Amino acid sequence: MTILQVDAPATGRRHTRARVLAKREVAPRHFALTLSNSEIASTARAGQFVHVLPHPREDELDESWLFDPLLRRAFSIMDAQGDDFEVLFRVEGRGTRSLARVEVGEYLDILGPLGNGFSLSQASKSAILVGGGVGVPPMVFAARALHERGIEAQMLLGARSAADVLCENKFTSLQIATDDGSRGHHGRVGDLLESALEQTLPDAVFACGPYPMLRAIARICEARQVKCEVSLEENMPCGIGVCNGCVVPMRASEEVLEGDDYGRFRRICVHGPACDARDIDWT
Ligand SMILES: Cc1cc2nc3c(=O)[nH]c(=O)nc-3n(C[C@H](O)[C@H](O)[C@H](O)COP(=O)(O)OP(=O)(O)OC[C@H]3O[C@@H](n4cnc5c(N)ncnc54)[C@H](O)[C@@H]3O)c2cc1C
Ligand code: FES
């Protein structure tokens, strides 16, 4: 199969392929893949993502597969070092079910790295990272990048239950909250953020997770006047700014209206997924 190499200087993204070096089931229905592609690994920044084209297995082929794999699936880059990078995904629907069956040695068709990545330079001394569910993987990359700059990063991790806690051994300073109380604080990860901000205010908060969690984090930070950047995991049908399937309503400030050509709506595959939480219209 011929794979196109499309260079796009503005983002460094490429249409390429990556070899599967390792696959691990890290929690029920959650798989981590180590992928080999030096161009993606060497240019990726924390908060960026890759768009992966799922391939049906032989026994999955039926007529509906003629249309369904048309759309790629977005996954945050969990970390990137040397020639390799990692992603971690939860099996949700048809694409991720198929991806979970990929074998070591196979190649995946990938577009990336995509998106803007976190503005980690907003933190000069300290940062708080907040991750919920499959919003935790990008925080692994962010924590390492901050650590390398000598910045203290405290990780607040939210999960449904103890079985769903992801990547805990990747963080040096970690607090956990679970919805059912089976691990750590019984409640929302936002409660941990409230307590942490009562102790000390960091330079910035970076968050990724489900929309209601991000809205709560944004409100907590706004009340304390702490800078907050959220990474939105909206549906991203194309991932490169052409379909408008990922638009998010923004507060109508002049700065925001000038920032994109879709009025109050911003395509977050190109102007995100990391956004200043104050720019988003959370209503
Ligand atoms: C930037 C980003 C980073 C992400 N990072 C991770 C991660 O690290 N780990 C992880 O587990 N998940 C992550 N996700 C979520 C992940 O992309 C979805 O869980 C995945 O696409 C589900 O695929 P599926 O085949 O299992 O589900 P399916 O429901 O079969 O298919 C989902 C596909 O349909 C499209 N779609 C669904 N509904 C709509 C709609 N209403 N309009 C347009 N398109 C639609 C989606 O864009 C996607 O391509 C991320 C999402 C984004 C946007
Ligand atoms: S996903 Fe198509 S424009 Fe953003």
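In this predicted model, helix α3 gives four residues to the lining of the second largest pocket, which is the largest share. The main site, though, is elsewhere: ligand 1 takes up the space of the largest pocket.

- The volume of the second largest pocket is about 210 Å³.
- Its lining is made of 13 residues.
- Nearest the centre of this pocket lie A143, R144, H147, K170 and T172.
- Two elements give two or more residues to this lining: α3 (137-148) and β9.
- By type, the lining of the second largest pocket has six nonpolar, three polar and four charged residues.

**The largest pocket**

- The largest pocket has a volume of about 1,100 Å³.
- A total of 46 residues line the largest pocket.
- R90, E92, V134, G135 and E233 are the lining residues nearest its centre.
- Six elements are named as giving two or more residues to this lining: the strands β3 (49-53), β4, β6, β9 (152-159) and β10 (174-178), and the helix α4 (189-199).
- Strand β4 supplies the largest share, four residues.
- The lining of the largest pocket divides into 20 nonpolar, 15 polar and 11 charged residues.

**Ligand 1 and its shell**

- Where does ligand 1 sit? Its space is the largest pocket.
- Around ligand 1 there are 21 residues.
- Those that come nearest are A74, G93, G95, T96 and E234.
- The shell around ligand 1 holds nine nonpolar, five polar and seven charged residues.
- Which element gives the most to this shell? Strand β4 does, with four residues.

**Polar contacts of ligand 1**

- One nitrogen contact goes to S76: a nitrogen atom of ligand 1 lies 3.0 Å from a polar backbone atom of this residue.
- M236 has a polar backbone atom 3.2 Å from an oxygen atom of ligand 1.
- On its own, ligand 1 has 950 Å² of accessible area, and the protein covers 75% of that area.
- The elements giving two or more residues to the shell around ligand 1 are the strands β4 (73-76) and β6 (84-90) and the helix α2 (94-99).

**Cis peptide bonds**

- The peptide bond from G112 to P113 is cis.
- Its omega is near -5°.
- P113 is part of strand β7, which spans residues 107-114.
- The peptide bond from G272 to P273 is also cis, with omega near 5°.
- P273 belongs to a loop, the one between α7 (268-271) and β16 (274-276).

**A positive phi angle**

- R29 is not a glycine, yet its phi is positive, at about 65°.
- Where in the chain is R29? R29 lies in the loop that joins β1 (14-27) and β2 (30-36).

**To take away**

- Strand β4 gives the most to the shell around ligand 1, and β4 also gives the largest share of the lining of the largest pocket.
- For the second largest pocket, the largest share of the lining comes from α3.

Conventions. Residues are numbered from 1 along each chain as its sequence is written. Chains are lettered from A and ligands numbered from 1 in the order in which they are written. This is a predicted model: local features need pLDDT of at least 70, side-chain atom pairs count only at pLDDT 80 or more; totals for chains, interfaces and linings use all residues. Side-chain values use heavy atoms; hydrogens and water are left out. A residue is near a molecule or strand if one of its heavy atoms lies within 4 Å of it. A polar contact is a pair of N or O atoms within 3.5 Å; within protein, one must be able to donate a hydrogen and the other to accept it, and residues adjacent in sequence count only if both atoms are side-chain atoms. Accessible areas come from the Shrake-Rupley method with a 1.4 Å probe; for residues, only the protein chains shown count as cover. On a 1 Å grid over the protein atoms alone, a cavity is a set of points where a 1.4 Å probe fits but cannot get out, and a pocket is an open set with protein on both sides within 12 Å along at least five of seven lines; lining residues have an atom within 4 Å of a point. A molecule sits in a cavity or pocket if more than half of its atoms lie within 2 Å of its grid points. Ala, Val, Leu, Ile, Met, Phe, Trp, Tyr, Cys and Pro count as nonpolar, Asp, Glu, Lys and Arg as charged, and the others, Gly among them, as polar. Grid points are joined across faces, edges and corners, and a volume is the space filled by probe spheres set on the points.
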